[in-house]
Amino acid sequence: MNASVPGVLEQEIRPLPRFGARFRAGAAAVPGSLWVFIAILAGFALMALCAPLVAPRDPTAQNLLARMKAPGSVIRGVSYLLGSDELGRDVLSRIIYGARASMSVAVLAVCLSGVIGTAAGLLAAYCRGWVEAAVMRLVDMMLSIPALLFAVITVAVLGPGFINVVLVLGLTRWTRYARVVYGQALSLMPQPYVRYARFVGAPGLSIMGRHLLPNVFGQIVVVATLEFGSMVLFEAGLSFLGLGVQPPTPSWGAMMNVGRHYLDTAWWIAGFPGFCLFLLVLSVNIIGDYLRDRMDPRLR
Amino acid sequence: MSRFILKRCWQAFIAALGALTLLFFVQRLTGDPTLLLVPEGATAEDIAMLRASLGFDQPLLVQYLRYLKDLGTFNLGMSYVQGVPVWDILLSRIPYTLQLTAGAMLLSLGLGLPIGVLMALQRGTLPERFFQAVVFTGQSMPTFFSGILMILLFAVHLRWLPASGSDSGASLVMPSIALGLLTLATFARVARTAVLDELGKDYVRTARAKGVPLGRIVWRHLARNSAIPVITVAALEISHLLAGAVIVETLFAWPGLGQVAVQAIEARDFPIVQAVVLFGAVASVGCNLIADLLYGVVDPRIRHTGGAQ
Amino acid sequence: MRKSLGIYLAGVFSAILLLAVPALAAKDTVVIDLSNETATCDPHMQWNQNSYGVYRNIFDNLITRDNKGMIIPAVASSWKSLNDTQIEFVIRTDITFHDGAPLTPADVVYSIERITDKATASPQRSQFEAVIKAEVTGPDRVVFTTAKPYPPLLAQLVKLSIVPKAYVEKVGKEAFNKAPIGSGPYKFVAWKRGVHILLERNEAYWGNKGFFPKAEFRFVPDPGTRVADLRTGKADLAVDLNPDLAAVIEKDAVCEPRVTLTERVAFLRTNNGRAPTSNKHIRQAIAYGIDKQGIIDGLMNGQDRIAHTMLTKEMAGYSELSGYPYDPEKARALVAQAGDAAKEELVFATAPSYDQRIVQAVQQMLSDIGLRVRIAMMDQASFLKAVQQGDLAARPHISFGRWSCACMDADGVVYPLLHSGSAWSQTRNADLDGLLDEARICLDPEKRVELYAKADKIILDESYILPLYQVAYIYGANKHLVWTPTPDESLFLNRMRWK
């Protein structure tokens, strides 16, 4: 992917064209069906951002007299378009607010793990020696602890809650970035422009930031996209164990976990958030998959 | 070769020791099991006495050194809650974990690989789209949710399979599917990429130009040449499945290591958690080592000289 | 190519399906789904439902309770008080352990001493430590001595399982745990770790023999899965369902919910040593602001009973008092009266084992009266630590709880929850302590009721603790299973039969 720079010295020193430029060039080639999923993703994001404007009601307002009403029910002049849940809250409003919790957990966790993993990977590749050994052993160590177990233990220490879930996800899932970045950066180290930068005495931070990072960024984006989906699922999994985002804040995972007991009597409590979560993860995975294919020179 | 294995083992030992140490201290930050063990209304004196009898009144460092010493003699300790040796618990759970892992791998490898190959060969056609949809669907559902849907459909309404338990082969079907779906997608993906990669190579093009049927090319060359990425992923996934099937095991009441680990974390039964993590670490090292050695078998060009990744 | 692939896929599928050999359901076995693995079958090492539900079938207790909760003879055929601190039991002579050895008074003495001996480190010690001496006084006589008069003694001794001295001493604690021998209506057969415990009927049982030749206790952590087991006939009885799950099986053809009121009372513990819940007005506002009946009707299908004090009708020491009515207006006025103190965020601690619908409903009701409440969910161990350890000022303001001393006696409830000397108490009131200390050693039942009524009055006036409702315990059972759930949450197999 990065081996096609002509032999002019000036061009050799400059980093390769950035991912953004290539992405813009590639946007025109995005197949039509993909736009559907991009639109779904954008729709959910918009829904999450504008939740207070879009939601018909307070997602936490309970009405114990209007529990588990079917979609379309109207109770005392209040209509429940997607039904009401086990505490008589409006499922539609909770889904809209739930988009907020579910997506922001995933976004923040992806950012956190991405930053940690990228930094670790770059450091290992650039410094080599004991730093490399330490980072790689740390990665081995993290990989040898099952992620969900580690998360359960950490949540037991920190207590569940939005921030702690982000922390737990961020601290357990960085190894994938570290490995990808490390491998990629290692292959860049012998590149002429990196060697030149080292030769003229550019500080390490600048080499990592200006020469290595831009060239591994595409890979990071691909991993991040696919990780985003996993994070959403992981949060749902934590919710199953009662350790996800805490009530009354709605998250899709938590809604599904509570609603699963009612699938036979009130399917809409878990059904709608389940469908939304499915659509979200599906869209992100398909987009990520497409990006991965694009990034992989073998598959062009 | 043996130097390579030694080095890998040494690295793995360091990683496992690090993991166990980290867990030892993090877990003890969460308190101890005494309060869970006493009945409601126990006096402060009784609580303190029980705590002392479990050794929690000792300084943390002393507890840690004692743990290391026991570990050195393969003594995993006693369960605080059940009062039986942790070895007994571990050994009784491992067979179930292996069964579930085997079931999930059978499904994900058995279906994932051919689907991936098919997707590569039929690139851009309707069958590819179909399989893609299947794979993506499996990948986009939380395990607990697909599990519950299966329980409702196959156990409660159709009565084909038992909802829980481990007393017959039928009990294994749903947990294997729930667990295998995610991995299936990964394998399909890896197989597809590997095959596409190989398809673009000169020898395949030559063979096809010569009129060799595609099917034969696939089985002759592709299978062998695509094996390496598949083995890599398989090793990683097996080690994940072995100790990471927490949700599936809880849902289907499958008595594997994941279930016992989560229950032990909740009950602060530290020795069990440590033992499961130890097993997970050993399993992951073992799988990766086997994968490394398999590379050499599959592709004799790969020689382990100590520097291999 | 495509054809061979098809055959291959079919092969994989059939390989998976071949594993699916259906299990033969034996009708002579009653199958019970517990909510977690039994901790131990050694009756002196753990007291929780998933454990005693099993081991109380293997062992006989000194005395027991009938389905209505009355104390009735078991190993002891009769008993009488010798004086304020001594009680004599007559031990049946026709009981044998499963290994054929006779049950003797020495086994009874050994059983209680094993628990109270500090070296055993039994978690249950606090239930029996009032007994300072136990001695054999005749071929069928045992005398227990307490340090002080101790009214709940009999209620506590209901929980004393009798183990065979000779066997336990011979094989040791660990082996006894693995292969327990008792004298109960069922014998221990096998324990497949993580899977099930199997028992078989004791054909030589001295009392009421079991109906089922065999029993299987399974460990199924997820309540939804327990319900699925009931509906598919895989399990005949399942413990611990919530009212909404009960509603799922209400219409089912195979199974039905079985509900009983327990002696357990759900409550809110207000931290009386930390601002602002140290303020009486705030505590009273909370009491006025919670619609207990609304919770019971709205969320619990009306099955639970409203609680005004921490004591239930069935308990020794109970007297009827009326608590705070639901009055949100008054609550808001009290919050306003408290002024700035009420603006502080209140931490509301809870754990996954409690009904989260109720926790959320309470939070909503408290916000409605103008308090700011944040739910802090912790796992059970962290929760217990948070509400029970450390300085009062660092513990949560409000915590949810459900209390049962499993002894049907006021002392087991009020003393640990409200006496300043108890680790579980967040209340410091010298007058209250005095009353509780006096009631604890008072053998005159009427005087005791009076003392507890006075104590309850103080608790109510100060609103030290907020009782919510007497908990209804919901089991799910196959419609053919004849069995009545009991208030003490026991699972006696010899009181079950098939219709």
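D46(B) forms a salt bridge with R125(C). The closest N and O atoms of that pair are 2.6 Å apart. Keep in mind that this is a predicted model, so every value I give is computed from it.

How many salt bridges are there between chain C and chain B? The count is six. Polar contacts are a separate tally: 16 residue pairs across the interface of chain C and chain B, with both residues at pLDDT 80 or more.

On the side of chain C that touches chain B, several elements give two or more residues. Among them are α4 (125-128), α6 (165-178), β8 (186-192) and α13 (380-388) of chain C. The one that gives the most is α1(C), with seven residues. By residue type, this side of chain C divides into 28 nonpolar, 16 polar and 18 charged.

Now the interface as a whole. Chain C puts 62 residues into the contact, and chain B puts in 67. The size of an interface is often given as the accessible area lost when the parts come together. For chain C and chain B, the buried area is about 5200 Å². Carbon and sulfur atoms give 60% of that area.

T225(C) is found in helix α7, residues 223-231. Is T225(C) buried or exposed? T225(C) counts as buried, because its relative accessibility is 0%. Leaving out residues up to four places away in sequence, T225(C) touches I151(B), A163(B), S164(B) and L251(B) from chain B, and V220(C) from its own chain.

I151(B) comes up again in the nonpolar cores. The largest core has 147 residues, and those with the most contacts inside it are W252(A) and I151(B). Which element gives this core its largest share? Helix α5 of chain A, residues 91-127, with 16 residues.

As for W252(A), its contacts beyond four places in sequence include F44(A), M47(A), I95(A), G98(A) and A99(A).

Another core, of 86 residues, lies apart from the largest one. A39(C), A351(C), A361(C) and M365(C) are among its residues.

Last, a residue of chain A. G129(A) lies in helix α6 of that chain, residues 129-144. Y193(A) is 64 residues from G129(A) along the chain, and their C-alpha atoms are separated by 22 Å.

Technical notes: Residues numbered from 1 in each chain as written. Chains lettered and ligands numbered in written order. Predicted model: local features only at pLDDT ≥ 70, side-chain atom pairs only at ≥ 80, totals over all residues. Heavy atoms only, no water. Helix = DSSP H or I, 4+ residues; strand = E, 2+ residues; numbered from the N terminus. Core = buried A, V, L, I, M, F, W, Y, C linked by side-chain atoms within 4.5 Å. Buried < 20%, exposed > 50% of the residue type's maximum accessible area, 1.4 Å probe, protein only. Contact = heavy atoms within 4.5 Å. Buried area = accessible area lost by both parts, 1.4 Å probe. Salt bridge = Lys/Arg side-chain N within 4 Å of Asp/Glu carboxyl O. Polar contact = N/O pair within 3.5 Å; in protein donor to acceptor, adjacent residues only side chain to side chain. Nonpolar A, V, L, I, M, F, W, Y, C, P; charged D, E, K, R; others polar.
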